[in-house]
Amino acid sequence: MTSLELYPTSPKHTLAQFIGRSIRDVPTPAAVVNVAAVRRNCERMLQTCLELGLGWRAHVKTHKTVEITEFQVGHDVTKPVNLIVSTLAEAEFLLPRLEKYRSQGRKVNVLYGLPISQDALPRLAAVARALGEGSVSVLVDDPAQIPIVSQFRRQSGVMPHAHIKVDMGGKRAGVEVQSLRFLQLADAALEAHSQAQIRLSGLYSHAGHSYGGDSRAAAIKTMRAEIGAMLEGADRLTSRAADKAAADLPPLVVSAGASPTALAVQNLISTAEEGRDSSVPGQLEAEVEALAGLFATARRKGRLVEIHAGVYPVLDLQQLAAHSISGSRLSWADMALTVLAQVHSNYPGRGANGTPEALIGAGGIALAREACKAYEGMAMLTPWGRKDVGPPTCDVEHFHGWIVGRFSQEHGILTWRSGSASESGPVQPDQELPGVGEKVRLWPNHACITSSHFGWYFVVDEDEAGKEDEIVDVWVRCRGW
């Protein structure tokens with residue numbers, strides 16, 4: 001039984017009634033995606049990997065849709081379709097599209113993003129049976145998982161590819177490459193590889209702590225740490241294989257990324273472009289050169305460098321606050337996901353320093369209780385539909401305007417933010433508070449968690465002048481685990 005039976009998706013044929021209408025006419029709260037921004041963000045990532053000769057693997061956990069997956073993998077039938085899923089439901093939901101890619105001659109590989117468990121085996125094996133040899137990869141970070149994954153071929157008829165999950169200090173999953181545990185895991189995996197139970201393909205890391213970065217140089221430095229650690233692990237793995245006279249290993253893949261570090265790779269292109277016109281900070285230039293040198297080292301050693309990321313197609317305030325690439329490639333306009341909400345009440349003088357507040361019908365359930373290090377709220381009010389309010393021109397830390405400053409389950413409270421604590425901005429609002437009955441759009445802190453609360457996205461295309469609010473499609477998300 002698949003999750004599609006237990007968690008049926010929203011009926012797209014019913015939702016199609018909204019196509020051609022304005023987002024002002026839809027029930028709230030609602031998730032809205034600007035396909036123009038998705039298109040730009042995905043094209044930049046694909047082009048970066050192409051220009052730098054890097055492998056690419058798209059994580060689908062943020063959006064969980066067929067349509068954004070198609071943007072992530074592009075339309076070049078000569079390129080592989082390499083994905084990461086955080087749930088088995090995502091793989092099952094995408095399976096018909098993946099089968100179509102296979103029929104077009106594209107290589108397809110789905111990596112299950114949690115270290116493998118016994119319960120996952122039957123459903124993952126069913127995906128492999130449908131897609132064929134080389135179609136499924138798993139993560140291992142405990143020697144006890146090797147007997148589990150060794151059952152995979154018997155259940156599916158397909159040999160699973162296995163990556164050792166590397167802990168980069170986040171202590172969420174993985175093993176440290178310098179540890180004894182890494183060697184214990186390597187020995188178990190090499191034995192299974194020698195017996196043709198698995199194909200030991202490489203190493204995989206996720207630098208989640210990169211969300212705490214505050215500059216392009218910091219993001220590149222974290223990516224260097226990821227690649228460097230996995231190259232060290234790959235060296236230990238090949239040395240161990242030689243000592244044990246294990247079966248030959250394939251060229252090992254080192255797969256690195258979280259959206260801040262994956263986006264940071266674009267600096268290798270954009271910094272060169274900027275250098276022709278302006279002065280690039282010395283630290284940034286040094287980090288760019290060091291990362292480029294590390295990529296060259298990996299190639300010289302016969303390693304295959306692969307980048308992966310998930311939230312980058314839609315972006316969010318957390319990504320804006322990480323400052324991992326230049327504003328020309330990551331700006332307010334590139335955040336594709338907004339939450340549409342309606343104003344229920346106004347409260348004159350109730351806020352700090354006698355400022356007004358407003359109640360909106362979008363709280364923790366619609367927006368998620370996710371913090372952003374750049375400010376104290378849960379979401380920021382966009383300029384959409386508001387008279388005399390233009391797009392922000394500042395960094396996210398210096399935003400002044402209406403934010404969701406307090407919230408409960410279904411209630412969000414709009415409060416005034418004058419700017420960062422170090423600024424002397426206006427204490428009283430210089431923007432009108434939206435009135436009762438008005439609809440507003442909000443930039444969320446973390447798109448992955450926020451979007452998980454919705455069954456579908458209303459899609460607009462802001463490249464269509466004069467029709468920016470028209471719904472051009474409805475994209476249904478998968479549900480369940």
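**Residues and overall form of a predicted model**

Q: Does L330 count as buried or exposed?
A: L330 counts as buried, because its relative accessibility is 8%, and the cut-off for buried is under 20% relative accessible area. The structure is a predicted model.

Q: And where is L330 found?
A: L330 is in the loop that runs between helix 14 (317–322) and strand 10 (337–347).

Q: Which residues is L330 in contact with, leaving aside its neighbours within four places?
A: The contacts of L330 are L263, L315, Q319, L320, S324 and I325, once neighbours within four places in sequence are left aside.

Q: How far apart are L330 and V474 in space?
A: Their C-alpha atoms are 25 Å apart, and the two residues are separated by 144 residues in sequence.

Q: What is the phi of H323, and where is H323 found?
A: Phi of H323 is near 55°, which is a positive value in a residue other than glycine. H323 is found in the loop between helix 14 and strand 10.

Q: What about A368, what is its phi?
A: A368 is a residue other than glycine with a positive phi, near 80°. A368 is placed in the loop between helix 15 (364–367) and strand 12 (379–381).

Q: Why does A368 count as buried?
A: A368 counts as buried because its relative accessibility is 2%, where the limit is under 20%.

Q: Let us change topic to the protein chain. How many helices and strands does it have?
A: The secondary structure of the protein chain comprises 16 helices and 17 strands.

Q: What is its radius of gyration, and what would a compact globule have?
A: The protein chain has a radius of gyration of 23 Å. For 481 residues, a compact globule would have a value near 23 Å, so the two agree.

Q: What box do the C-alpha atoms fill?
A: Taken along the principal axes, the box is roughly 75 × 55 × 35 Å.

Q: How many of the residues count as buried, as a percentage?
A: Of the 481 residues in the protein chain, 56% count as buried.

Q: What share of the contacts comes from residues 24 or more positions apart?
A: Such residues account for 77% of the contacts in the protein chain that have a separation of 6 or more.

Q: How far apart are the mean positions of the positive and negative charges?
A: The mean positions are 5 Å apart, for 48 positive and 52 negative charges.

Q: Back to single residues. Where does R57 lie, and is it buried or exposed?
A: R57 lies in strand 2, residues 55–59. R57 counts as buried because its relative accessibility is 4%.

Q: Which side chain does the side chain of R57 make a polar contact with?
A: The partner is the side chain of N109, at 2.9 Å.

Q: How far is S201 from L249?
A: S201 and L249 are 7.6 Å apart in space, C-alpha to C-alpha, and 48 residues apart in sequence. L249 is found in the loop between helix 10 (216–243) and strand 8 (253–256). Among the residues that L249 touches, not counting those up to four places away in sequence, are L190, H193 and L200.

Q: What about G74, is it buried or exposed?
A: G74 is buried, with a relative accessible area of 11%. G74 has its place in the loop between helix 4 (66–73) and strand 3 (81–85). Leaving aside neighbours within four places in sequence, G74 is in contact with L46 and R106.

Q: One more topic: which residues does a cis peptide bond join?
A: The cis peptide bond joins T28 and P29, with omega about -5°. P29 is found in the loop between helix 2 (12–15) and strand 1 (30–34).

Conventions
Residues are numbered from 1 along each chain as its sequence is written. This is a predicted model: local features need pLDDT of at least 70, side-chain atom pairs count only at pLDDT 80 or more; totals for chains, interfaces and linings use all residues. Side-chain values use heavy atoms; hydrogens and water are left out. Helices (H or I, at least four residues) and strands (E, at least two) are DSSP runs, numbered from the N terminus. Buried means under 20% relative accessible area, exposed over 50%, partly exposed in between (1.4 Å probe, protein chains only). A polar contact is a pair of N or O atoms within 3.5 Å; within protein, one must be able to donate a hydrogen and the other to accept it, and residues adjacent in sequence count only if both atoms are side-chain atoms. Contact means heavy atoms within 4.5 Å. The radius of gyration is taken over C-alpha atoms; the globule rule is 2.2 Å times the number of residues to the power 0.38. Lys and Arg count as positive and Asp and Glu as negative; His and the chain ends are not counted. The place of a charge is taken as NZ of Lys, CZ of Arg, CG of Asp or CD of Glu.
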